[in-house]
Amino acid sequence: MASTLQGYLDCSATTPLAPEVAAEMAHVQASAWGNPSSLHGYGVAAAEVLERSRQRLAMALGCSGRLCFSSGGTESIHLALLGAAAQLWSGNGQAPRLLISAVEHPATNAAAERLAALGWQVERVPVTQEGLLDLEAFQQLLAPPTRLVSLIWGQSEVGALLPLMEIAQRCRQAGVLLHVDAVQVAGQQAISFDALGVDLMSLAAHKLRGPRGIGLLLTRPGLELQPLFGGGGQEGGWRAGTEAVALIAGFALAVERRHRLLSEAPEAMVQLRDPLLQQLLDLPGLSLSGPDPSQQPSARLPHHISLLVRSDAGLPLSGRAVVRQLWSQGFAISSGSACSAHGDARSPVLTAMGYDAATAASGIRISLGDWHQPSDLHGLPEALRRARLELST
Ligand SMILES: Cc1ncc(COP(=O)(O)O)c(C=O)c1O
């Protein structure tokens with residue numbers, strides 16, 4: 001069983017640390033290990049690295065508002081939704097509405113359920129069969145009592161990308177606050193937060209070759225949030241707890257590194273993905289789920305392929321079985337999203353896109369990394385052909 005990085009095709013789940021990010025983190029951990037709140041030199045050294053990293057991230061991501069560090073995408077999403085909702089409604093008078101899409105990450109669904117328990121009305125905007133937001137339904141639902149919207153910008157399982165500028169403009173016109181889950185998009189395209197016109201945006205370092213355990217919430221200037229928990233008052237009171245300075249420094253370098261690579265070769269991922277996708281679609285029994293990049297290039301994450309797998313008899317095969325079979329041939333891919341890998345085999349995302357139960361359990365996802373060369377991918381179509389044959393018999 002091979003376990004080289006060449007066969008790792010699951011970058012939407014997480015990515016390996018970039019070597020220079022690992023080196024930077026080791027350096028910061030050794031040289032600025034103090035508590036940034038301490039008044040002595042050790043603390044000052046750590047606080048300097050912390051604030052410099054924050055400034056570097058603000059600059060790289062074009063954010064003139066506050067940046068709040070968290071433990072990852074899940075926590076950022078909870079802080080955004082619960083923190084903003086508490087400022088919008090105190091629980092008196094008519095219940096406000098939160099809009100999310102029918103294909104959110106479980107973290108957003110969980111935060112929305114918490115708000116529902118507090119009295120908010122939660123409405124899920126339907127998606128098309130490609131997983132794209134139904135813009136007409138969205139526009140209608142933007143009317144009062146909607147006060148807050150949270151949408152996944154790049155859908156992790158089927159790769160669908162929102163037309164974010166247009167959506168942000170509609171939210172502004174309606175006077176509704178917009179939070180964006182950009183966890184899959186960060187690292188795949190340069191983000192300029194202020195220019196997008198959104199209010200809140202969640203990111204996680206581990207999807208872009210930074211460390212696990214560190215996330216970020218970007219906010220529009222002047223926006224207020226109620227913290228999720230109290231304590232030492234770090235992060236301007238928004239997120240108590242001693243800051244993870246080395247992880248934060250690694251995050252800053254990881255974002256700068258990805259933005260540099262994107263500016264040097266903006267189409268690198270698409271050029272790697274599209275020939276592979278074509279080869280895979282030429283195989284029998286494989287069809288695309290989510291937007292077709294040959295028809296709508298800007299509607300799909302550039303590193304992302306999602307497929308439905310059928311037997312020769314046309315019956316849906318188990319996506320999980322395909323994943324296990326491929327791993328025995330040295331390729332690491334995923335069925336649906338990693339976060340739902342222990343639950344029901346039917347993907348809620350494919351179900352929301354209108355697929356029947358058996359088909360909704362037949363999805364696989366291949367997501368590429370910035371170290372991949374075309375030659376790393378040459379064996380995959382043959383491996384998938386073999387996996388399908390083995391599982392069909
Ligand atoms: C779109 C999306 N949102 C949120 C998350 C949660 O991020 P984390 O695992 O860093 O908490 C993920 C992780 O898979 C994701 O893909």
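Reader: Thanks! Which residue forms a salt bridge with Glu75?

Author: Arg239 does, and the closest N and O atoms are 2.7 Å apart. A salt bridge here is a side-chain nitrogen of Lys or Arg within 4 Å of a carboxyl oxygen of Asp or Glu. The pair links distant parts of the chain, 164 residues apart: Arg239 sits in the loop between β7 and α8 (245–264), and Glu75 in helix α3. Helices (H or I, at least four residues) and strands (E, at least two) are DSSP runs, numbered from the N terminus.

Reader: Before we go on, what kind of model is this?

Author: A predicted one: local features need pLDDT of at least 70, side-chain atom pairs count only at pLDDT 80 or more, and totals for chains, interfaces and linings use all residues. Residues are numbered from 1 along each chain as its sequence is written, and side-chain values use heavy atoms, with hydrogens and water left out.

Reader: Ok. Are Arg239 and Glu75 buried or exposed?

Author: Both Arg239 and Glu75 are buried. Buried means under 20% relative accessible area, exposed over 50%, and partly exposed in between (1.4 Å probe, protein chains only).

Reader: How many salt bridges does the structure hold?

Author: It holds 16. One of them joins the side chains of Asp370 and Arg209, at 2.8 Å from N to O. Asp370 is in the loop between β10 (363–367) and α12 (380–392), while Arg209 is in the loop between β6 (200–204) and β7, 161 residues apart.

Reader: And what else does Asp370 meet in a salt bridge?

Author: The side chain of Arg258, at 3.0 Å from N to O. Arg258 is in helix α8 and Asp370 in the loop between β10 and α12, so this pair ties together parts that are 112 residues apart in sequence. Salt bridges that share partners join Glu20, Arg209, Arg257, Arg258 and Asp370 into one network.

Reader: Why does Asp370 count as partly exposed?

Author: Because its relative accessibility is 23%. Arg258 counts as buried because its value is 7%, and Arg209 is buried, with a relative accessible area of 7%.

Reader: Switching topic: which residues come nearest to the ligand?

Author: Of the 14 residues around it, Thr74, Asp181, Gln184, His206 and Lys207 come nearest. To be near, a residue needs a heavy atom within 4 Å of the molecule. In the side chain of Asp181, an N or O atom is 2.7 Å from a nitrogen atom of the ligand. Gln184 has a polar side-chain atom 2.8 Å from a ligand oxygen atom, and for His206 the distance to an oxygen atom of the ligand is 2.9 Å.

Reader: How much of the ligand does the protein bury?

Author: It buries 88% of the 390 Å² that the ligand exposes when taken alone. Those areas come from the Shrake-Rupley method with a 1.4 Å probe.

Reader: Which helix gives the most to the shell around the ligand?

Author: Helix α3 (residues 73–88), with 3 residues.

Reader: Last one, strand β1: which way do its residues point?

Author: Leu67 and Phe69 point one way from β1 (residues 67–70), Cys68 and Ser70 point the other way, and all are buried. In a regular strand the side chains alternate between the two faces of the sheet. β1 runs antiparallel to strand β7 (residues 215–219), joined by 4 bridges, and Phe69 stands opposite Leu216 in β7. Two strands pair if DSSP finds at least two bridges between them.

Conventions:
Polar contact = N/O pair within 3.5 Å; in protein donor to acceptor, adjacent residues only side chain to side chain.
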